[in-house]
Amino acid sequence: MLLTLASGALFFPGLFALSNWALRRLRPGWTDDDCLTVGTRLVSSVQAVLATGAGLTVITSCSNVVSDRCCSCFSPLLKIRRCLRKTKTFVHKVRPESAIYGTSVRQIVN
């Protein structure tokens with residue numbers, strides 16, 4: 001997760017700087033404001049395309065986007081969960097009948 005954050009923190013400002021540099025060289029008649037505006041819009045467009053791709057990946061990988069935990073996007077989390085399931089220390093199951101009788105809602109699955 002931190003690698004993704006660091007990559008994004010370097011990629012998008014780098015794309016902005018590169019686009020401004022290229023626009024100043026390719027379009028010497030443009031003002032600085034024009035170059036900054038086009039560079040900003042380019043970075044925003046790239047972010048929108050990547051966000052749309054991520055959304056489509058989640059939608060096509062999950063049967064229920066709200067509650068599905070078996071999504072291919074969350075495979076590192078699933079590995080941790082499977083590891084903890086083997087030790088029987090993390091997995092909880094909600095039992096609706098327990099709410100009626102006033103007992104604890106979360107119970108460890110054997």
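Biologist: What makes R24 and D32 a salt bridge in this predicted model?

Modeller: The closest N and O atoms of R24 and D32 are 3.4 Å apart. The cut-off is within 4 Å, between a side-chain nitrogen of Lys or Arg and a carboxyl oxygen of Asp or Glu, so the pair counts as a salt bridge.

Biologist: How many salt bridges does a search of the whole structure find?

Modeller: The search returns one salt bridge.

Biologist: Why is R24 called partly exposed?

Modeller: R24 has a relative accessible area of 40%. Buried means under 20% and exposed means over 50%, so R24 falls in between and is partly exposed. D32, with a relative accessible area of 47%, is partly exposed for the reason that this value also lies between those limits.

Biologist: Why is N20 called buried?

Modeller: The relative accessibility of N20 is 5%. Buried requires a value under 20%, so N20 counts as buried. N20 lies in helix α1, and beyond its neighbours within four places in sequence it is in contact with C35, L36 and G39.

Biologist: How do you know that S19 is buried?

Modeller: S19 is at 9% relative accessibility. That value is under 20%, so S19 is buried. S19 is also part of helix α1. Leaving aside neighbours within four places in sequence, S19 has contacts with G39 and L42.

Biologist: Which residues of α1 are buried, and what covers them?

Modeller: The buried residues of α1 are F12, L15, S19, N20 and L23. Their cover includes α2, residues 32-61. An α-helix has 3.6 residues a turn, so residues three or four places apart point the same way.

Biologist: How does the reach of α1 compare with what is expected?

Modeller: Helix α1 covers residues 2-26, which is 25 residues. From its first C-alpha to its last it reaches 36 Å, close to the 36 Å expected at 1.5 Å a residue.

Biologist: What makes F11 and F12 an edge-to-face pair?

Modeller: The structure holds one aromatic pair. The ring centres of F11 and F12 are 5.0 Å apart, and centres within 6.5 Å make a pair. Their planes stand at 75°, and planes over 60 degrees apart count as edge-to-face, so that is the class of this pair. F12 is among the buried residues of α1, whereas F11 is partly exposed, with a relative accessible area of 45%.

Biologist: What is the secondary structure of the protein chain?

Modeller: The protein chain has four helices and two strands. Their order from the N terminus is α-α-α-β-α-β.

Biologist: Where is the pLDDT under 50?

Modeller: The pLDDT stays under 50 over residues 89-95, for which the model has 18 contacts beyond four places in sequence. Over residues 97-110 the pLDDT is also below 50, and that stretch has 20 contacts beyond near neighbours in sequence. Where pLDDT is low, the predicted coordinates should not be read in detail. For the protein chain, the average pLDDT is 75, and 61% of the residues score at least 70.

Note on methods. Residues are numbered from 1 along each chain as its sequence is written. This is a predicted model: local features need pLDDT of at least 70, side-chain atom pairs count only at pLDDT 80 or more; totals for chains, interfaces and linings use all residues. Side-chain values use heavy atoms; hydrogens and water are left out. Buried means under 20% relative accessible area, exposed over 50%, partly exposed in between (1.4 Å probe, protein chains only). The expected span of a helix is 1.5 Å times one less than its number of residues. Contact means heavy atoms within 4.5 Å. pLDDT is the predictor's confidence in each residue, from 0 to 100. Rings of Phe, Tyr and Trp (its six-membered ring) pair if their centres lie within 6.5 Å; planes under 30 degrees apart count as stacked, over 60 as edge-to-face and the rest as tilted.
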